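Below is a brief report on one protein model.

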Amino acid sequence: MASFEVDIAIIHANELVTLDSKFGVPRKGSMMTNLASIHDGAVGIKDDKIIYVGSTANFLSKYSLKSCKTVINADNKLVAPGFVDSHTHIIFEGSRENELNMKLAGMSYLEILESGGGILKSVNETRKASLEKLVENGKNILDRMLSYGTTTIETKTGYGLTVASEIKSLKAIQSLNKTHPMDIVSTFMGAHAIPPEYKNKSEEYVNLIITEMLPEISKANLAEFCDVFCEKGIYSIEQSERILKAARKHGLKLQIHIDEIEDTNGAELAAKLKVIQAGHLLKSNDDGLKAMAESGVIATLLPGTPFCLMLKDYAPARKMINFGIPIALATDLNPNCWTESMQIIIALACYMMKMNPSEALSASTLNAACAIDRQNKIGSIEVGKDADINIYCVPNHHFLAYQFGVNLISKVIKKGKILIDYNPL
C-alpha cells in the first residue's frame, strides 16, 4: 500500500455522483441524465482540493487511513457536488410578506409594482439601510443556504437604483465574499426596475447606468457580471441591448432576465449577445430558444418564482432540453421568492417542469457552475477541483425530489472543511 495521505476520506458512498466532465460541460440533452455515478464510491480530499475519485476498493488499495484526519463512512448515503445557486438577489432590506394576500386576491406582479409594492418597496428600504445592515442580512441568508447544501452563489444588486446605493450593495457583496465561507459571484443589476424618481423618464435612467454607474463599478472592480430585467414595462429590448453592450465594453460578463411575464423576444437578444446565462424564460418563443441553443446560452430556470407568483405556466424545460439548451436551476431568492433551499427547487423542477431528478441535479451543480463561469473549479467531483461536496442522509439522488420539504443534508464540505455536520462521526 502506498503512503499517500488525505485529510478527509469519504468511503462506501452508496451513490457517488461525480458529473465527470468527459460527458459534457455543460450537460445538454440526454447527457443531462448522465451523472457519472459510482456505487460504493470514495473521495479523497487534501487541503481544499479533491485528489481521488473512484471506487472504495481502489481507494483503500492506494491510501492509508491511519494518518487521515477524518474518515466519513457514507454507507447508504448520497454524495454529490455542492449546490451552485446561480441566480439570487440576497442584498436587500425589509420583507414583503403582506404581498401574499395581494397575490391571493388576484393582483399580478406588475399590478403590485404599480401600487408601490414589489421591487419598489424593497428599493425604498434598501436605500435607507446601512452597509452593515445589508451585510448582516446577507450573512443570515448565506448561513441558511449553506445548511441546505449550497456552497457557491451568484447574487445581484438592483434594490438600490442610485449610483450610491448600487455601489453600497456591491460593497456588501464584496464584504460577504471576503468573510463568509461560501463563494459569492457579484452581479451589477442597476437595471432591475425603473426608479420611482425616473417614472416616465426611463431613457434618462438608462443613460445614468451607462455613463455613471458602469464606469464607476468597472473602475473599482466591484462586479463580475451585468444583468438587465428585459420585460414589457421595465426595460425594452433596445434599452437592454444598449446597457449590456456598454457593460461588455467595461469588461463585465453578461446575463439577462427575459420573457418572465410576456414574450418580448428576449431569448433572441440573449442569443445575439451570447450572454452566459438567461433567466426565467417562461414565455420565450421557439425561434428565440433555438437561437439560444445555437449560441450556447445557458437557460437558468427559476421554478420558485412562478410558484410564489401563483402562475399557471412554468418555463418549458422539456422543450428546452429537446432543443439542446443547457439548463441550470436556481432559487431566485429575493423578497418576493424567499427560499434558501435548492432542494425544494429540485422538487419544483421535477413536479412542475417535468424534469427528472438526474436532470435537476445536473442543472443545480455542473450546469449552474457553467452559468457563472466557474465550471473549471466547482460543479462536479473531479480530481483537482475544489472540495465542495454534499453528503445526504438518503441512499440516492432520486430522494432529492421524492422526499421534499425537509432538509436531507448530513454534511456539507466547502473547500475541504466540514462546515455543516448534522450527523457527527
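## Surface patch

Patches are made of residues with over 30% relative accessible area and no salt bridge; like charges are joined within 9 Å, and nonpolar side chains (Val, Leu, Ile, Met, Phe, Trp, Tyr) within 5 Å. Accessible areas come from the Shrake-Rupley method with a 1.4 Å probe, and for residues only the protein chains shown count as cover. A salt bridge is a side-chain nitrogen of Lys or Arg within 4 Å of a carboxyl oxygen of Asp or Glu.

This is a predicted model: local features need pLDDT of at least 70, side-chain atom pairs count only at pLDDT 80 or more, and totals for chains, interfaces and linings use all residues. Residues are numbered from 1 along each chain as its sequence is written, and side-chain values use heavy atoms, with hydrogens and water left out.

Leu100, Leu104 and Met310 make a nonpolar surface patch of about 300 Å². Leu104 sits in helix H2 (residues 99-104); helices (H or I, at least four residues) and strands (E, at least two) are DSSP runs, numbered from the N terminus. Leu104 is exposed, with a relative accessible area of 55%. Exposed means over 50%, buried under 20%, and partly exposed in between (1.4 Å probe, protein chains only).

## Helix H9

Helix H9 (residues 266-273) is mostly covered, with six of its eight residues buried. Among them are Leu269 and Leu273. The buried residues of H9 pack against helix H8 (237-249), strand S12 (253-258), strand S13 (277-280) and helix H10 (286-295); contact means heavy atoms within 4.5 Å. Lys274 follows H9, and its phi is positive, near 50°.

## The six-strand sheet

Six strands form an open sheet in the order S3-S2-S7-S16-S17-S18, with mixed pairing. Strands S3 (37-38) and S18 (417-421) stand at the edges with a single partner strand each, so one side of each has no neighbour in the sheet. Two strands pair if DSSP finds at least two bridges between them.

S2 (residues 15-17) and S3 run antiparallel, joined by two bridges. Leu16 stands opposite Ile38 in S3.

S16 (residues 389-392) points Ile389 and Ile391 one way, Asn390 and Tyr392 the other; all are buried. S7 (residues 78-81) pairs with S16 in the antiparallel sense over four bridges. Tyr392 is the bridge partner of Leu78. S16 also pairs with S17 (residues 409-414), antiparallel, over four bridges. There, Tyr392 has Ile409 as its bridge partner.

## Ser147

Ser147 belongs to helix H5 (residues 131-147). Ser147 is buried, with a relative accessible area of 11%. Not counting residues up to four places away in sequence, Ser147 touches Asn407, Ile409, Ile420 and Tyr422.
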